[in-house]
Every structure is written in structure tokens, then in C-alpha cells.
Amino acid sequence: MITVALTKGRLFKDFLKYMSENDLADYSTALEDETRSLYTIVNNVKFIFAKGPDVPTYVESGVADLGIVGSDIITENPFNILNVSQLPFGDCHFSVAALPGQESFGVIATKYTNIAKEHFKNKKQDISLIHLNGSVELAPLLGLSDGIVDIVQTGSTLKDNGLVEYEKIMDIHARLIANKRTFYTKEDEIYGFLTEIGVIE
Ligand code: PRP
């Protein structure tokens with residue numbers, strides 16, 4: 001059996017949609033029914049449900065053989081994993097956002113301090129960073145920061161909070177990651193699964 005680490009957030013919905021659109025109903029139906037479980041087994045594949053930032057930790061340790069994770073997470077923090085391929089879903093991007101009319105960005109709030117730091121360093125812009133764990137849109141609304149660096153997908157979270165995008169930083173995609181050892185020791189099972197779900201031919 002192989003173990004695949006998934007996250008229950010936005011990427012999970014995109015993965016289910018991808019599976020149902022690609023005639024993989026055994027997987028999508030079984031996974032859809034498991035929204036409250038910690039793991040489930042479908043066709044001899046064990047799927048574990050973790051928080052996004054923890055998916056690479058499970059894969060790096062070998063507790064999971066494969067993982068599906070946003071490139072945001074593995075760009076923000078390096079892990080000792082195989083970054084196998086880009087997946088055809090989960091597209092969004094990082095942006096700098098703020099209230100309309102903001103003239104300068106001295107203080108930025110974000111969950112992604114490494115990505116934000118690198119971006120402003122490349123632009124030779126001196127900024128202070130405030131690390132938050134979520135709901136970062138609150139920071140400029142309350143005056144904690146001048147702007148935010150955050151993920152934008154549909155743009156509706158920004159719009160609902162009266163914020164606008166100032167600058168796109170980078171694209172984000174879903175990535176398939178693998179454990180560096182078991183990718184080879186369980187090669188047949190892993191390739192079987194990846195072929196079945198249409199990730200490799
Ligand atoms: C991200 C991001 C925004 C939202 C943007 O949060 O932080 O809040 O999605 O999406 P939209 O452009 O489609 O509105 P995420 O769902 O990843 O979870 P989080 O709130 O834990 O950061």
C-alpha cells in the first residue's frame with residue numbers, strides 16, 4: 001500500500017474536481033465522503049488528511065510516500081523531498097494587496113514571511129514584516145500594516161474586504177511531491193497510482 005498526504009483546504013476541492021472530471025469517480029466519491037476523517041483507504045491507496053504546511057513534513061519523514069501541496073508551501077519553507085511535477089489544478093498567485101490609495105509599503109503582514117522578504121529584497125525596498133497565521137486581510141483594515149502579501153485565487157476575499165491588488169509576486173500551482181527513498185523502493189505501486197490518476201503516462 002502507498003500513502004498519499006492531502007490537505008483539506010482549497011486544494012482538496014480542486015483535486016476532487018480534477019478526479020471527477022477525469023473519470024476517477026471511485027476516488028472522488030470515496031474521498032468526498034471522508035471530510036471528517038483523518039485518513040481513508042481507496043483501491044489500496046491510503047489517503048491522509050493534513051494541514052497544508054504539514055503535508056511536506058509527512059512526506060519528508062516517509063510516513064507518506066506522496067503528497068499534494070501548493071507550491072506556496074514548499075517555496076516558503078524548504079523540505080528534503082522530491083518535487084516531482086506540477087499538477088493541472090490549484091492555480092492561484094501571490095500578490096501585494098492593500099486598501100486603495102496606499103502610497104507606500106513600510107509594514108507588510110503575511111503568513112509567508114520568507115516569500116515576502118525575498119520579494120521586497122529583490123526590489124531593494126526596505127520593509128518590516130509582521131507574521132500572522134491567517135485572516136491577514138484584517139491587518140491593513142485595522143492599521144496593523146500598510147499592506148499584505150497573500151494568496152489570491154478568485155480575488156473575492158480581497159474584494160469583500162475592500163482591498164485591491166498592487167502587484168503580482170508569483171504564480172502558485174499544485175505540486176506532486178514524493179519521499180526521496182520510497183519513490184524508488186515503492187516505484188511500481190507509485191507509478192501505478194500516478195498512471196491511474198493521469199499524472200504520468
Ligand atoms: C487564502 C488567502 C485568502 C483567500 C484568497 O486563504 O489567504 O484569504 O485564500 O482566495 P480568493 O482570492 O479565492 O478569495 P486560504 O483559503 O488558503 O486559507 P487561510 O485563510 O488559512 O489563509
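An open sheet of six strands runs in the order β2-β3-β1-β4-β11-β5, with mixed pairing. Strands here are DSSP runs of E, at least two residues long, and helices are runs of H or I, at least four residues long, both numbered from the N terminus. Two strands count as paired if DSSP finds at least two bridges between them. This is a predicted model: local features need pLDDT of at least 70, side-chain atom pairs count only at pLDDT 80 or more, and totals for chains, interfaces and linings use all residues. Residues are numbered from 1 along each chain as its sequence is written, and side-chain values use heavy atoms, with hydrogens and water left out.

β2 (39–42) and β5 (82–86) are the edge strands of the six-stranded sheet, and each pairs on one side only. Neighbouring strands of this sheet are turned by 25 degrees against each other on average, direction ignored. β2 joins strand β3 (residues 45–50) through four bridges, and the two run antiparallel. Within that pair, I41 stands opposite K46 in β3.

Helix α9 (residues 187–196) lies across β1 (2–7), β3, β4 (66–70) and β11 (174–178). Its direction is about 45 degrees to β1. Axes are lines fitted to C-alpha atoms, for helices over the stretch in contact, and angles run from 0 to 180 degrees between N-to-C directions.

**The five-stranded sheet**

A sheet of five strands, also open and with mixed pairing, has the order β8-β7-β9-β6-β10. β8 (128–131) and β10 (164–172) stand at the edges with a single partner strand each, so one side of each is left without a neighbour in the sheet. The twist averages 25 degrees from one strand to the next.

| Pair | Bridges | Sense | Facing residues |
|---|---|---|---|
| β6 (residues 92–98) and β10 | seven | antiparallel | F94 and M170 |
| β7 (residues 107–110) and β8 | four | parallel | T110 and H131 |

**Two domains**

The domain assignment gives domain 1 (2–90 + 173–196) and domain 2 (92–172). Such bounds come from an automatic or database domain assignment. The domain centres, taken over C-alpha atoms, are 28 Å apart.

How many residues of domain 1 are in contact with domain 2? Nine residues of domain 1 are in contact with 12 residues of domain 2. Contact means heavy atoms within 4.5 Å. The size of an interface is often given as the accessible area lost when the parts come together. Here the two domains bury about 890 Å² between them, 48% of it on carbon and sulfur atoms. R10, D72 and E76 lose the most area on the domain 1 side, together 61% of what that side buries. Buried area is the accessible area (1.4 Å probe) that two parts lose on being put together, summed over both.

**Salt bridges**

The structure holds four salt bridges. Between domain 1 and domain 2 the count is zero. A salt bridge is a side-chain nitrogen of Lys or Arg within 4 Å of a carboxyl oxygen of Asp or Glu. One of them links E21 with K17, with the closest N and O atoms 3.5 Å apart. Both residues, E21 and K17, lie in helix α1 (residues 10–21), four residues apart, about one turn of the helix.
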